[in-house]
Amino acid sequence: MVKKWSKTGAVAVLLVGFVITFSVFCHSDSSNTTATNSLLYLNHHDTAKYVGINTCKQCHSAIYESFIQTGMGQSFAKATRTKSAARFTGHNVVYDKFRNFYYQPYWVDSTFYIKEYRLAGKDTVFARTEKVNYIIGSGQHTNSHMMEINGYFYQMPLTFYTQKQRWDLPPGYDKGGNLRFGRTIELECMSCHNAYPNFVEGSLNKFASVPQGIDCERCHGPGSIHVQQKQLGNIVDTATHIDYTIVNPKKLPYQLQVDVCQRCHLQGNTVLAPGKSFFDFKPGMQLSKYMSVFLPQYTTSDEFIMASHAERLKSSQCFVQSTKKRIQVNNVKYVNSKLDNTDVSSLTCISCHNPHKSVKFTDDAQFNTACKNCHSEAKKYNLPLCSEKLNTRKALNDNCQQCHMPKSGSIDIPHVRITDHRIQIPLSGKKKEAIKQFLGLKALNNPIADAETIAEGYISYFEKYDKKPFYLDSAEIYLIKSTLRSLRHTGNWVRLHFLREDYPKIVKLATDLSPQSITDSWTAYRIGRAFEAENTIDKAYLFLKQAVVLAKYNLDFNDNYAIVAIKMGYTTEAKSVFEFILAQNPTHVNALNNLGYLNLTLGQVTVAEKLYNAALAIDPDYEPLLLNKVGFYLYVNQPQKAKKLLQDIIRKNPKNIQAKQVLGNL
């Protein structure tokens, strides 16, 4: 049913983008299945544009005011005292014993800094201070910190864990994994922790602009058509009909409804479908057509990662049984755009959660009510009643989730306790399996993933998370099984051999390939590096040049390309590339080091020394840089300084054979 918008008292809405005329509300009389319904939303069209949360706010101010208090609404913002949930009183210094660095957070007026330093006795022998530009995390569990250099985003080496009110290294930075100020914040990360950013194509981590916090359109889809239709006065009575200009997740079939949430709340190892990006999925679409999310499966199910809510919920019998009942009764949710009220409900995320309201302001009664809505009719749905003793239930205020969804730590984030979304009957310690056995990787949102996709899942898991060789062995098995014969398939073999450092096999694969035929920058880069390792420098140069053509703002690609250009004798070209890198990011240690070396070979001693010292002020432990500085001391006839620096290198790393050889020659 369509109503004309009354002009009296109407809220003025900004028209964002351009006007597109659609026949919005006319559909055929044929029944719409779950699959068909996902195609009816007009904001799935590529002409639909994102309008931003402030446009939504103009008509939905009450929802906006509530939503911005949620964890999603508070997920990302500029670093201000108001945004920070951290404690700055008392002793806030964190020491990394593996890298021998201290870290201290502090404010100077309204500017937030993190200082990294090293001590020798009581003397400070190294210090680096960087400004904090952004805070990521709502503060319910953590605040992590980011720095931005000309649009390039990097994580910083301090996180505040709010539940324990303590500063510590970020997740993954412990036990020698400290990347200091160098962990790139790439699109995969940014696209879940924030509204969609303005990403610079051809880069890993460069953004022209970023929003501040997850916004309405991450769950409802782009809003330009919805805004345009409301301006024209086309209003849908959403109590009885669906407004197809915007997605309301509550009115989606349950599979697609869960996909909206598990786009980000199914944390794992994501493999994009061919030709797809992290921007392509929109609410109401089938997630598995855009990405497959892999996680390792074990014989035990007690451990889970921070953002694995969807996986844990879907493994619950409550979810399994409710979806079975739904399928048995009625697999058609909407008929002719009208709500079918005879449909059997299924347990989904929004059965318990109101995404517009913070869990901090949600009473436990709301969650208990969700449980009792099903279990109060236990006989009808063949569900169990609570068998716990009344005294125990009374002591817990009859709180269902406290027993059946207990809080515990996650295996990937330290110092936090989160609710386990796997609803289950508590088991005694004796009933739990004592030995955890690895069963393999599983695409949790895509049970029919093909062999090529599964192979990519194993390769990516090895690359990102766990360097155990059997992941690559499994990948090889699936690549052999794959029937795909394309550049994607070749690229996966190249990636596999590259991770094994089996460069001759890459060279063999690439023998008949021209650089221009490669359309994936990473494949071109890996082939180039393989030719370089095999001392075929002319081909290395061509493939690395192609990698840079495809990914202009990948600074590491540029750096390796310039190194090979030097080997080809193209010093002017190499110098230009290094200068481009440093114009983009003046803290790029490799470029500083390599440009210093190039200047030294050209006799520019003063320039070389300045570049080496600038690099050492950023990273005092980078061994190729230290060895180049040794070469500099020998070049300017200062062998004692060279000898002392070599001794320092060997003291820090007794396995550095090159340093030992040079010292022996001295």
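This is a predicted model: local features need pLDDT of at least 70, side-chain atom pairs count only at pLDDT 80 or more; totals for chains, interfaces and linings use all residues.

Reply: Helix α20 crosses α21 in a left-handed sense. Left-handed means the near helix is turned anticlockwise from the far one by less than a right angle; clockwise would be right-handed. Helices (H or I, at least four residues) and strands (E, at least two) are DSSP runs, numbered from the N terminus.

Me: What angle do α20 and α21 pack at, and how far apart are their axes?

Reply: About 160 degrees, with the axes 8 Å apart; α20 covers residues 555-567 and α21 covers residues 571-584. That makes α20 roughly antiparallel to α21. The cut-offs are under 35 degrees for roughly parallel, over 145 for roughly antiparallel, 65 to 115 for roughly perpendicular, and oblique for the rest. Axes are lines fitted to C-alpha atoms, for helices over the stretch in contact, and angles run from 0 to 180 degrees between N-to-C directions.

Me: Which residues of α20 and α21 make the contact?

Reply: From α20, L555, N558, D559, Y561, A562, I563, A565 and I566. From α21, E573, A574, V577, F578, F580, I581 and Q584. Contact means heavy atoms within 4.5 Å.

Me: And by class, what is in the contact of α20 with α21?

Reply: Eleven nonpolar, two polar and two charged residues. Ala, Val, Leu, Ile, Met, Phe, Trp, Tyr, Cys and Pro count as nonpolar, Asp, Glu, Lys and Arg as charged, and the others, Gly among them, as polar.

Me: Is N560 buried or exposed?

Reply: Buried, at a relative accessible area of 11%. Buried means under 20%, exposed over 50%, partly exposed in between (1.4 Å probe, protein chains only). N560 sits in helix α20. Beyond four places in sequence, N560 contacts Y525, R529 and L544.

Me: New topic. Where is L627?

Reply: In helix α24, residues 623-635. L627 is buried too, with a relative accessible area of 16%. Setting aside residues up to four places away, L627 touches L646, I649, N656, Q658 and A659. L627 and I649 are 22 residues apart in sequence, and their C-alpha atoms are 8.4 Å apart.

Me: Zooming out, how many helices and strands does the chain have?

Reply: 26 helices and 21 strands. Of the 666 residues, 46% are buried. Among contacts with a separation of 6 or more, 59% join residues 24 or more positions apart.

Notes: Residues are numbered from 1 along each chain as its sequence is written. Side-chain values use heavy atoms; hydrogens and water are left out.
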